[in-house]
Amino acid sequence: MDDTHTTGLRDGRYAAIDIGTVTCRMMVADVRAGRLEVRTKEYCITNLGEGVDATHRLRPEAMQRVEEALRTFLAVRARYEVPRCNAMVVATSAVRDAENADAFQEMLARLGLPLRVISGAEEAALTFAGATAAFAGQRVMVVDVGGGSTELSIGRAGASAEVAHSFDIGCRRATERFLHADPPSRAQLEATRAWMQTAFDAWLAGVRGQGIAPADRMIAVAGTATTAVSIREQMAVYDSERVDGARVSAIELRDIAERLAALPLAQRRQVVGLDPGRAPVIVAGMLILESVMHAAQMDAFTVSESDILDGMILRLAAEAAEQP
């Protein structure tokens with residue numbers, strides 16, 4: 001892909017679907033003169049990765065939830081008249097880890113959706129491309145907290161990431177491994193933090209050892225980061241314009257995390273600004289963000305509504321431009 005994201009892109013209408021460990025999302029956008037104009041975004045919590053960390057298999061009921069969400073997405077995509085050649089569907093951590101991923105791919109094929117199961121490195125690259133468009137020229141670290149994995153990437157916005165890594169640390173994976181009590185016990189919370197902190201500290205120490213300049217800004221994408229803002233602002237109705245670009249300090253994040261961790265699940269589901277479907281895994285998600293901030297020595301992060309979906313659209317437009 002062209003590193004500037006403003007040339008080498010074919011104008012047109014594109015659709016991107018991201019099948020994650022916790023959520024399924026779709027974006028339809030027009031590319032015009034190198035810029036994305038979002039037409040619609042769709043979102044559904046499907047918990048595809050439920051139990052995958054322990055069993056390495058996708059559950060039939062989880063695949064069924066994804067199929068139902070995708071049928072809804074396809075109806076929306078048809079209304080926007082997106083050419084099939086201008087669409088991309090990717091799956092990430094849960095499908096990467098599943099021994100029965102072939103059955104999942106066959107299900108999508110029956111829906112007419114060829115699936116790309118992308119590596120953690122490609123996931124990080126697509127997310128970096130999508131998240132950094134609004135921060136051209138700045139040195140940034142992009143953090144994408146997912147259900148099964150977390151991707152970190154560092155570089156100059158508007159160019160490819162200089163270094164990136166995908167960790168098998170995600171909010172669902174961490175919840176299923178450590179946070180068994182309701183609410184989680186102090187010992188469980190500390191064990192979770194220790195597991196995460198060891199991995200993030202070691203990787204970032206290695207990055208510093210390579211002489212790679214630290215980032216001036218931490219950009220956080222995906223549901224955990226956006227939820228931090230919606231809870232802080234007590235959004236009964238989610239407002240993406242207020243969330244995009246919002247700054248969350250380390251102190252604010254810790255306060256939110258401690259508040260959520262102290263609540264049993266039934267009460268956590270009632271917290272204003274928190275999607276009830278995300279309540280079971282949100283504590284682990286907040287701990288991941290906290291651990292990354294600590295390892296990176298950052299006192300705040302900026303939330304971006306642009307993420308892997310934007311990166312996928314840019315990739316599609318670049319691939320289209322390469323065709324005769």
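**Cysteines, fold and interior of the predicted model**

In this predicted model, Cys44 is partly exposed, with a relative accessible area of 27%. Cys24, in contrast, counts as buried because its relative accessibility is 0%. A search for disulfides across the whole structure returns zero. Cys24 takes part in none, and the nearest cysteine sulfur to its own, that of Cys44, lies 6.8 Å away.

Turning to the overall fold, the protein chain contains 13 helices and 11 strands. Its radius of gyration is 19 Å, close to the 20 Å that the globule rule gives for 324 residues, so the chain is as compact as a globular protein of that length. The C-alpha trace spans about 60 × 45 × 40 Å along its principal axes, and 56% of the 324 residues of the chain count as buried.

A hairpin of three residues joins E1 to E2, and E1 pairs with strand E2 (residues 23-32) in the antiparallel sense over eight bridges. Within this pairing, Ala15 has Val28 of E2 as its bridge partner. E1 also runs parallel to strand E4 (residues 87-91), to which five bridges join it; here Ile17 is partnered by Val89 of E4.

Strand E9 (residues 217-221) pairs with E11 in the parallel sense over two bridges, and Ala220 stands opposite Val303 of E11. Strand E10 (residues 247-249) pairs with E11 in the antiparallel sense over three bridges, with Ser249 taking Ala300 of E11 as its bridge partner.

Among the helices, H8 (residues 223-232) is mostly covered, as nine of its 10 residues are buried. The buried residues in H8 include Gly223, Thr224, Ala225 and Ile231. Just after H8, Gln234 adopts a positive phi of about 50°.

Finally, what is left empty inside? Rolling a probe the size of a water molecule over the atoms shows where empty space is left. Here the count comes to one cavity of 30 Å³ or more, and the largest cavity holds about 70 Å³ of space. Its lining is made up of Thr21, Gly49, Val52, Asp53, Ser93, Ala94, Asp97, Gly147, Gly148, Arg172, Arg173 and Glu176. Two or more of the lining residues come from each of helix H1 (52-55), helix H3 (93-97) and helix H6 (171-178). By class, the lining comprises two nonpolar, five polar and five charged residues.

Key:
Residues numbered from 1 in each chain as written. Predicted model: local features only at pLDDT ≥ 70, side-chain atom pairs only at ≥ 80, totals over all residues. Heavy atoms only, no water. Disulfide = S-S within 2.5 Å. Buried < 20%, exposed > 50% of the residue type's maximum accessible area, 1.4 Å probe, protein only. 1 Å grid on protein atoms, 1.4 Å probe; cavity = no way out; pocket = protein on both sides within 12 Å on 5 of 7 lines; lining within 4 Å. Points joined across faces, edges and corners; volume = space filled by probe spheres on them. Helix = DSSP H or I, 4+ residues; strand = E, 2+ residues; numbered from the N terminus. Nonpolar A, V, L, I, M, F, W, Y, C, P; charged D, E, K, R; others polar. Pairing = 2+ DSSP bridges. Rg over C-alpha atoms; globule rule 2.2 N^0.38 Å.
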